[in-house]
Amino acid sequence: MDSASPSAKNSSTGLLGEVEGRVEGHRDGHGFVVPDEGDTWIYLASQEMRSVLHRDRVRVRIVRFDRKGRPEGRVLDILDRRKTPIIGRLLHEGGQWVVAPEDRRYGQDILIPKNATASAAVGQVVSVELTEPPSLHSKPVGRVAEVLGEIDDPGMEIEIAVRKYEVPHRFSPETLAQAAALPEKLRAADRKNRVDLTDVPLVTIDGEDARDFDDAVYCEPFRRGRGKTLFEGWRLIVAIADVSHYVKPGEPLDEDAYERATSVYFPRRVIPMLPEKLSNGLCSLNPEQDRLAMVCDMLVSTEGTLDAYQFYPAVICSHARLTYTEVAAVLQNTRGPEAQRRADLVPQLVHLHEVFRALLKQRAQRGAVDFDTVETQIVCDDNGRIEKIVPRVRNDAHRLIEEAMLAANVCAADFIAHGEHPSLYRVHEGPTPEKRAALQSYLKALGLGLHLSEEPTPAEMQAISQAVQGRPDAQQIQTMLLRSMQQAIYTASNAGHFGLAYGAYTHFTSPIRRYPDLLVHRVIKALLGARRYHLVPSPKTRVPEVRRGARGGKPVKAAKPMSQEMEAWEAAGAHCSANERRADEASRDVEAWLKCRYMREHLGEEYAGTVSAVTPFGLFVTLDALYVEGLVHITELGGEYFRHDELRQELRGERTGVRYAIGTRVQVQVSRVDLDGRRIDFRMVRDGEAERLLSRGRTTPERADKPGSATEELAALRAADRAAKAASKARTTSAAPRKTGARKTAGKTAAKAGSRR
């Protein structure tokens, strides 16, 4: 097992014990079994992986433990084979048609009979259905089910990703028919039993490229009482699109929405949770259009506390579609040109900013975690290729909307909790004991006298972040703080939100793009009508396995058996959590492909960067100018032995004592780009003229005519890259026998160099 494998603890299953679980392939050829119960992954050698494929369910027997106590298994039985298509490129080699899977975790090429290639040509990207599974003595056999096109076609990376990660991207005919039958505008029956807020100047504030508008906001000063009963503050209205009015339980629209669970966002394309007629039409709070909404009407004090709130269904009319840039300009200069253009809205924008500052004050008082992180935005050209990568600048307008949405979400969680109705909460738990101990040891190793309690609080984490501001390693420390926290999930068991420092929190504000928000709306409507909403999960949707890693990283066990209703809610939470991660993985895969394609145009160029992660096999470096991450393999660090210090998160040279840690500034050269592996390799640029000239393709006079000059080295590098590209292209068109072993060896070497943390 290598450094990229999951950290394994002592197995609770002894030698020769049997375990059932899911196969997780590795591009080096070996794999792991992720057990149905327990948290220790079981290693499968390459020989064992020959008869199984990535994501099969198997039963294995533990046959040995390595020197670190990690178990190794032998496959006894294949319980379930995944029947989903596999995406890859069609090749004709050695007189045979084969498909090389795009996802290298599958580890084996798929043989295609000559009469099962459909209309696909050599080199095209295809979708394959297996007709014969692999065995110890034979490769899997399949047929081409769909031809996606050429690898360089615009948007092909997205077509690959949605199939690779099994993202539902086609609505059923029943769903499309139901959406088409919906009215174009509100009817009289839709307005019944709703508060008319069409005269309230609610506005939407979103990004320039937004197409669906979930939320609209309005704020005005509010005062009541006198003397000791005096209340001063603001009335804050957050109106959210009422998707639940159109998407009813059990109907085709609901079936498809539940299956997707979330919209998936790619550069220049969105796979929506709902058909466009709803997401961009009836449910989108477009300006000057009457729309149905669920409203959270709040009173916020001058200290930022929520004094009162109420929920009710309403009819609203957005008075303007504003952008973050526009609002920020108005707030910066209330007499400037942007303010003059929106003169009628300036007073309420100022009030929104006032309530935002009050909510921000309360955020600081409760100790919510608020780290400074840099988010980036990919700007593509008309062909879908990266034009540039720019930092996403967050201004007060972004944060204003964020705080308003947080307030509405907290009110929704409080309303549901007081109504004692099952629902989904957004839960984010604090560091596990193991992560807390690792973080404490890390801070101690840096010589910081900052102590964490046995049960760390958000305020402690925020205090550490603020205490190290100004230190050269502040970014490194903040990164470690972030990594010590757990991942947020959806669950019916409320355990609070650690990062936001809320005792109860849910998602209410984005029902167009998140299914949990739609469920929360249904629960709130049921409570308002003194009814109960009974959740019945879709029978056609497989609920992915989600482990809730609470204390000690072990699955949470209920203190008592759950009711059937609570089991349904937990299953829905697991499904939504898993599909949220699936959407994130698909988006990251597309971004990685685009970045690799982009960096192929920058081979040999030199950039300054910062070490963003340290592993036993090298350093991950993020380039300052391009915001792209790549690997400096440990062999590129110099002719000495480097020891990995896990405690300090650094590599240290034993002879020179040179150290590379998170946050270290380095100069690197782009040396290799592997598009299929989604990997970028850098080489370190040393101090000294020769190395600097190497990266710029120049020579010094005394070396110009000598073998091995900087120009020759750079030319050799570029020639090698061109040769690799030519060989790859030739491989797709040649019918000559291929050297299978060579390709697998090269892939194994590349995988070791590019294994991610």
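Which residues of α8 are buried?

## Helix α8

In this predicted model, the buried residues of α8 are V346, Q348, L349, H351, L352, H353, V355, F356, A358, L359, Q362 and R363. The helix itself covers residues 346–366, and its 21 residues reach 30 Å from the first C-alpha to the last, which is close to the 30 Å expected at 1.5 Å a residue. It is followed by G367, a residue whose phi is positive, near 80 degrees.

## Helix α9

Helix α9, made of the 24 residues 396–419, reaches 35 Å between its first and last C-alpha, close to the 34 Å expected at 1.5 Å a residue. At its start, a side-chain oxygen of N395 comes to within 2.9 Å of the backbone nitrogen of A397, and just after the helix E420 takes a positive phi of about 55 degrees.

## A nonpolar surface patch

L15, L16 and F65 make a nonpolar surface patch of about 290 Å². Of these residues, L16 lies in the segment before β1 (18–25), and L16 counts as exposed because its relative accessible area is 56%, where the cut-off for exposed is over 50%.

## The chain overall

The chain holds 17 helices and 31 strands, and buried residues account for 51% of its 757 residues. Among contacts between residues at least 6 apart in sequence, 68% join residues at least 24 apart. The accessible surface of the chain comes to about 35200 Å², with 49% of that area belonging to carbon and sulfur atoms.

How values were computed. Residues are numbered from 1 along each chain as its sequence is written. This is a predicted model: local features need pLDDT of at least 70, side-chain atom pairs count only at pLDDT 80 or more; totals for chains, interfaces and linings use all residues. Side-chain values use heavy atoms; hydrogens and water are left out. Helices (H or I, at least four residues) and strands (E, at least two) are DSSP runs, numbered from the N terminus. The expected span of a helix is 1.5 Å times one less than its number of residues. Buried means under 20% relative accessible area, exposed over 50%, partly exposed in between (1.4 Å probe, protein chains only). A polar contact is a pair of N or O atoms within 3.5 Å; within protein, one must be able to donate a hydrogen and the other to accept it, and residues adjacent in sequence count only if both atoms are side-chain atoms. Patches are made of residues with over 30% relative accessible area and no salt bridge: like charges are joined within 9 Å, nonpolar side chains (Val, Leu, Ile, Met, Phe, Trp, Tyr) within 5 Å. Accessible areas come from the Shrake-Rupley method with a 1.4 Å probe; for residues, only the protein chains shown count as cover. A salt bridge is a side-chain nitrogen of Lys or Arg within 4 Å of a carboxyl oxygen of Asp or Glu. Contact means heavy atoms within 4.5 Å.
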